Amino acid sequence: MWKDFSSDYIKNNRLSSLSVRLSAFISALLLSLLCGLFYNAWKYEVERIELEEGAWHSRITGRFDQKDVEAVQHFANVNKVTISNDASGLLIIFDDMKDILTDTPHIARSIGAGPEQISYNHALMAMYLIRDPNDKAPRLLFPMFVVILLMASFSLIAIIHNAFAVSMNARIHQFGILSSIGAAPRQIRICLMQEAFALCTVWILAGNLLGIAASMGLSQLSNILLGNDIPGRHKAVPGCHPLVLILTLGITAITIAVSAWLPARKLSRLSPLEAIRNTGGLQLKRPRKVPVLTFLFGAEGELAQNALTAQKKALRTASLSLISAFLAFTIMQCFFTTSVISTKETYFERYQDTWDIMAVVKNTSADEFSETEAIRKLGGVESAVVYQKASAKRIVTEAEMSEEMKSFGGFSHAPDGAALRMDDGWLVNAPLLILDDDSFLEYCRQIGAEPRLDGAVVRNLIRDVTNPDFRHPVYMSYLKTQPADTAVSNDVTPDNPPGAVSILRQQGNSEITAELPILAYTQEVPVLREEYASTDYYELVHFIPISLWKEIKGLIGGAGEDLYIRVIGRKNVSLEELDTLQSQIDQLIGQSYTLESENRIREYELNNRQIQGIRTAFGSFCVLLAIIGIGDVFSNTLGFVHQRKREFARYMSIGMTPEEIRKMFCVEALILAGRPVLITIPLAVIAVGYMLKMSYLGVDEFMAEAPFVPIVIFMVFVLASVASAYALAWRNVRKICLAEVLKNDTMI
Amino acid sequence: MEILRCEGVRKVYGSGDNPVCALNGIDFSVDKGEFVAVTGASGSGKSTLLHILGGVDKPTSGKVIIDGIDISSLDPTQAAIFRRRKAGLVYQFYNLIPTLSVQKNILMPLTLDKKKPNSEYFEKIVNTLGLSEKLDAMPNQLSGGQQQRVAIARSLIYRPALLLADEPTGNLDQKNSGEILDMLKLSNRTLKQTILLITHDEKAALEAGRIITIEDGQIISDEQRR
């Protein structure tokens, strides 16, 4: 049957099978391009996290020896255990990431470590969709990528399915004749499946390979376009995981098999008479009520809706593509708008006046760095601070807690990692910010404390942890001071803790301590581009000078690997001036140290460019989806002229005027193009509401920046394209010779 | 009272060397309440005549006056409104709108005019035609005979000046054919509906009160039977 019927049919009807071939090719191409791009973006992000934060999955801080390493290594799920470079703890890599959260506490217990010593690489875990309940960061980007990928993939799969359904339905009459002369249903099914694979195999393979190659090419292109612009950006290594190739090939092949099987089965089950009688006319199985359209447009509205419902299958790709495109575009625009407002408020606006140039000196400790003065002497430098970070612990007693803090429950809301109940109080994290001596003295003067190099200044602020609104946090005193409302107090009395000293404890071993005199408790922090207590609300930040650090570092340890330099230039400094200053700093320090630097204005511009780039990439993808939908609308409106003429002849024969038919045609176009908008609006409102809730932004803040213009432009583009398709079709359809159409018996 | 008058109606298809003359000087008139059958062999021009009388096609020359309106000079919109209000068309293949229920199909000519049906008249039609149980069904759920009855009901709903039926029994078995002809006769008798039945079936033609026979586009006989 294949030789006698299908191969001849394919040979002689190349044009009619072209839509199936093209659909298979385009879908395979876009699907593999999309999956390839997604894989490369994911791979890049994982590499970035591993480079910046390390490839470890969980960390147990403390002093451990080789024996502990071996003990941990013996755990079944553990792949690799190492002691961190600064010897502050064990870094563990697991075989199966999904068990990290359950296995790490067991491992910690086995080597005598408490839950407060455990921390996780949340950023890396999020890339594998593993969330720690204690991780409060939103991390919405990756799930958003997955949702958009799924929506797009679904749309592409629908294209293939629809192409087959339409192509096979068009041949019902032909197979009816075949069946009437004795072809068995099984023969018809096999024949159609053979046809499907003969038509599509080469095109799927070509589309898949081309899509993967294109995704790798685009990844390489990002290296060329962004390679020199972004500090700390590593080179993307384009790759294709065999699973991605197999997955896309598999999905496309399965989709084609199912898409061909469903109509083939339906077709093979029709009786010869049913198949022969089939005229491809628009049918509905049951009456439909369309009160809104009938109210708005009268009988034409009802007929238009019914015609669209009857063409549901043929227009499925168009509807799905247009809805997905408009929905994805609108949500993407809203998402980026929310993200931009959030970044602007929490980063650029908040830190606008705290830095102009930031440099990270790799693997350098503050007490070894000798270029501080040279930086300050550079032309255009108004202020320069050199600082390092270190981690330590400290006990906060009940008596030390402020009344405000007690009012929201003290440490009762604190997770174990943030505050651990001890006999004499709560063991909390006490991050150290080690400022160069001159900057520390300046800071002391700024807050009205005695400028000395033998003590620490403590940030005496805690957020109301019962209020989850991170955008408008309520701060209050952490510890008791005297008097309570002043910014600074070092008048500590025996009745009013805290004491004049702070006993810091080593991160890994809280028995090892260092005692620091307290110069002041303050609510005013140094002018630095730093966030304090943003994830661990209970940390008690200590600012100390390098001179003091030199004395205690042997006891406390826990210093970060890198050194930071914050430079502020003159007021209203220009981009050119900052570029010059940045290159001077790079030249000055870069010869002796490994350095990464960035400047505020360029960072802002780069951030805008990156967002614009991602917006353009996603926007292009949405436009592509819309084009697929619009292409399908064109092929339906122009391809079924004959059928529509018959349909309109029916209407005209009972007295519908050409104007009424044109109105019905316009209503049909309006429904098709308007449906994505109507479906999108409530979903977008829900999505935006959720985004605003998650990011604690107000509706007015969002509305002020809402992306109405691009959304309206996209909407007009879709409306205009669908209108053009219908206008073109109308030119052909309106030329109805009613008598001719009615004369042809087979048509009615 | 005269409801239809044809004066020298000619219809020529094609042009140049091979024009085909489908109708050649048709003259006849029909009075209100008459039941007229137009018969003739295949290709005699009877369907062309029906299309012209129904405002579906235009004569090349001559006049067609229905209920005082010369339909040969109507533009497409006026012709459509004429079909809606003055001519009820019944076709061999029913020509129902497959996306609408039976009730909506019947009411469609009124709906297009944004008019509400006279419920008494509507019920009378559907009861007479035996459709009262099928009003919510879709056309594809009905038998051929039932579909044709819906088409007749639709053609009657506007109380047209003329009901034009083109081979209404051509696609039906004997039993259903008989029923449809009975329905037409009933509507002629009880509703005083003027009917012009186009058929090549002599038996069907004999049900009419007057038989006009066409051959090669011309009337060759016009016989009043009762």
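The model is predicted, so local features need pLDDT of at least 70 and side-chain atom pairs count only at pLDDT 80 or more, while totals for chains, interfaces and linings use all residues. Residues are numbered from 1 along each chain as its sequence is written, chains are lettered from A and ligands numbered from 1 in the order in which they are written, and side-chain values use heavy atoms, with hydrogens and water left out.

Chain B has seven helices and ten strands. Helices (H or I, at least four residues) and strands (E, at least two) are DSSP runs, numbered from the N terminus. Of its 226 residues, 56% count as buried. Buried means under 20% relative accessible area, exposed means over 50%, and partly exposed lies in between (1.4 Å probe, protein chains only). The accessible surface of chain B comes to about 9600 Å². Carbon and sulfur atoms account for 45% of that surface. Such areas come from the Shrake-Rupley method with a 1.4 Å probe; for residues, only the protein chains shown count as cover. Contacts in chain B were also sorted by sequence separation, a contact being heavy atoms within 4.5 Å. Among those between residues at least 6 apart in sequence, 69% join residues at least 24 apart.

Over all chains, the structure holds 34 salt bridges. A salt bridge is a side-chain nitrogen of Lys or Arg within 4 Å of a carboxyl oxygen of Asp or Glu. In chain A, Arg394(A) pairs with Glu400(A), with the closest N and O atoms 2.6 Å apart. Both Arg394(A) and Glu400(A) are buried.

Another salt bridge joins Arg84(B) to Glu660(A), at 2.5 Å from N to O. This pair crosses between chains, from helix α2 (residues 76-85) of chain B to helix α21 (residues 658-695) of chain A. Arg84(B) counts as buried because its relative accessibility is 4%. Glu660(A) also counts as buried, at 12%.

Within chain B, Glu207(B) forms a salt bridge with Lys185(B), and the closest N and O atoms are 2.4 Å apart. Glu207(B) lies in the loop between α7 (202-205) and β9 (210-215), and Lys185(B) in helix α6 (residues 174-190), so the pair ties together parts that are 22 residues apart in sequence. Glu207(B) is partly exposed, at 24% relative accessibility. Lys185(B) is partly exposed as well, at 22%. Elsewhere, salt bridges that share partners join Glu373(A), Arg376(A), Asp436(A) and Asp438(A) into one network.

Val527(A) is found in the loop between β16 (513-522) and β17 (542-545) of chain A. It counts as partly exposed because its relative accessibility is 32%. Not counting residues up to four places away in sequence, Val527(A) touches Asp353(A), Thr354(A), Arg566(A) and Ile568(A). Val527(A) and Arg566(A) are 39 residues apart in sequence, with their C-alpha atoms 9.0 Å apart in space.

Thr169(B) sits in the loop between β7 (162-166) and α6 of chain B. This residue is buried, with a relative accessible area of 10%. Leaving aside neighbours within four places in sequence, Thr169(B) is in contact with Ser177(B), Ile180(B) and Leu181(B).
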